Amino acid sequence: NGRSTQDYFDYEYVGLSKIGYWEPERSLVIYPQSNIQWIKDTVGVPSDRPKTLEGSMFRIVTIESPPFVMVNRDAIGNARYKGFLPDMLKKLQAKLKFDYELYEVEDNSWGAIKNDTGEWGGLVGDIIKGKAHFTLADLAVTSARDEVVRYSQTYFRSG
């Protein structure tokens with residue numbers, strides 16, 4: 001039908017269960033009965049995590065990567081973010097009541113070790129250096145990155 005729709009599933013003991021979908025025209029739609037799936041297959045907040053994020057402020061680094069993150073700029077250069085990940089972030093913010101500042105990574109890179117300095121750059125570098133609490137991106141898992149940052153559960157698979 002020419003529309004771009006992406007379905008999202010949660011792996012359950014009995015198999016996959018559709019939890020929602022995303023369309024550029026409609027934003028992210030999560031079915032009301034869907035719970036947040038925490039690590040170790042629980043729906044309750046793990047005991048080593050704060051019971052609430054309400055009132056927390058996060059600095060979040062991102063990179064443009066359609067359809068996950070797209071950036072529109074107004075006449076004076078202010079960024080407006082749209083796409084699957086900003087839509088998901090807004091849904092989480094509404095449900096968990098936290099605040100955030102979203103910014104684009106300065107060197108426009110995903111994250112790799114710089115040969116001349118041995119330091120990490122890109123999204124990963126901003127996390128390691130404490131400039132950001134986390135990243136909002138479709139960041140590929142590599143063995144080098146996996147040694148220095150933690151990843152969320154996989155939310156998209158292709159191919």
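Trainee: What's the relative accessible area of tyrosine 100?
Mentor: It's 23%, so tyrosine 100 counts as partly exposed. The label buried means under 20% relative accessible area, exposed means over 50%, and partly exposed is in between, with a 1.4 Å probe and protein chains only. Bear in mind that this is a predicted model, where local features need pLDDT of at least 70, side-chain atom pairs count only at pLDDT 80 or more, and totals for chains, interfaces and linings use all residues. Residues are numbered from 1 along each chain as its sequence is written, and side-chain values use heavy atoms, with hydrogens and water left out.

Trainee: OK, rings next. How many aromatic pairs does the structure hold?
Mentor: Three aromatic pairs. Phenylalanine 58 and phenylalanine 134 make one of them, with ring centres 5.6 Å apart and planes at 55°, so that pair is tilted. To pair, rings of Phe, Tyr and Trp (its six-membered ring) need centres within 6.5 Å; planes under 30 degrees apart are stacked, over 60 edge-to-face, and the rest tilted.

Trainee: Where do phenylalanine 58 and phenylalanine 134 sit in the chain?
Mentor: Phenylalanine 58 is in strand 4 (residues 57-62) and phenylalanine 134 in strand 8 (residues 134-136), 76 residues apart, so the pair links distant parts of the chain. Helices (H or I, at least four residues) and strands (E, at least two) are DSSP runs, numbered from the N terminus. Phenylalanine 58 is buried at 16% relative accessibility, while phenylalanine 134 is partly exposed at 30%.

Trainee: And which ring pairs with tyrosine 100?
Mentor: Phenylalanine 98, in a tilted pair at 6.3 Å centre to centre and 55° between the planes. Phenylalanine 98 is buried, with a relative accessible area of 5%. Phe58, Phe98, Tyr100 and Phe134 form one aromatic cluster.

Trainee: Changing topic: how many salt bridges are there?
Mentor: Two, where a salt bridge is a side-chain nitrogen of Lys or Arg within 4 Å of a carboxyl oxygen of Asp or Glu. Arginine 59 meets glutamate 101 at 2.6 Å, N to O. That links strand 4, with arginine 59, to glutamate 101 in strand 7 (residues 99-104), 42 residues apart.

Trainee: What about arginine 73, what does it bridge to?
Mentor: Glutamate 104, with the closest N and O atoms 2.2 Å apart. Arginine 73 lies in strand 5 (residues 70-73) and glutamate 104 in strand 7, so this pair ties together parts 31 residues apart in sequence. Arginine 73 is partly exposed at 49% relative accessibility, and so is glutamate 104 at 26%.

Trainee: Back to arginine 59. Which ring does its charged end sit over?
Mentor: The ring of tyrosine 103, 4.0 Å from the centre. The cut-off there is NZ of Lys or CZ of Arg within 6 Å of the ring centre and within 35 degrees of the ring normal.

Trainee: Last one: where is aspartate 126, and what does it touch?
Mentor: Aspartate 126 is in helix 2 (residues 122-128). Leaving out residues up to four places away in sequence, aspartate 126 touches Val61, Tyr103, Val105, Lys131 and Ala132, contact being heavy atoms within 4.5 Å. Aspartate 126 is buried yet has no salt bridge, and the nearest side chain of opposite charge is lysine 131, 4.0 Å away. For charge, Lys and Arg are positive, Asp and Glu negative, and His and the chain ends aren't counted.
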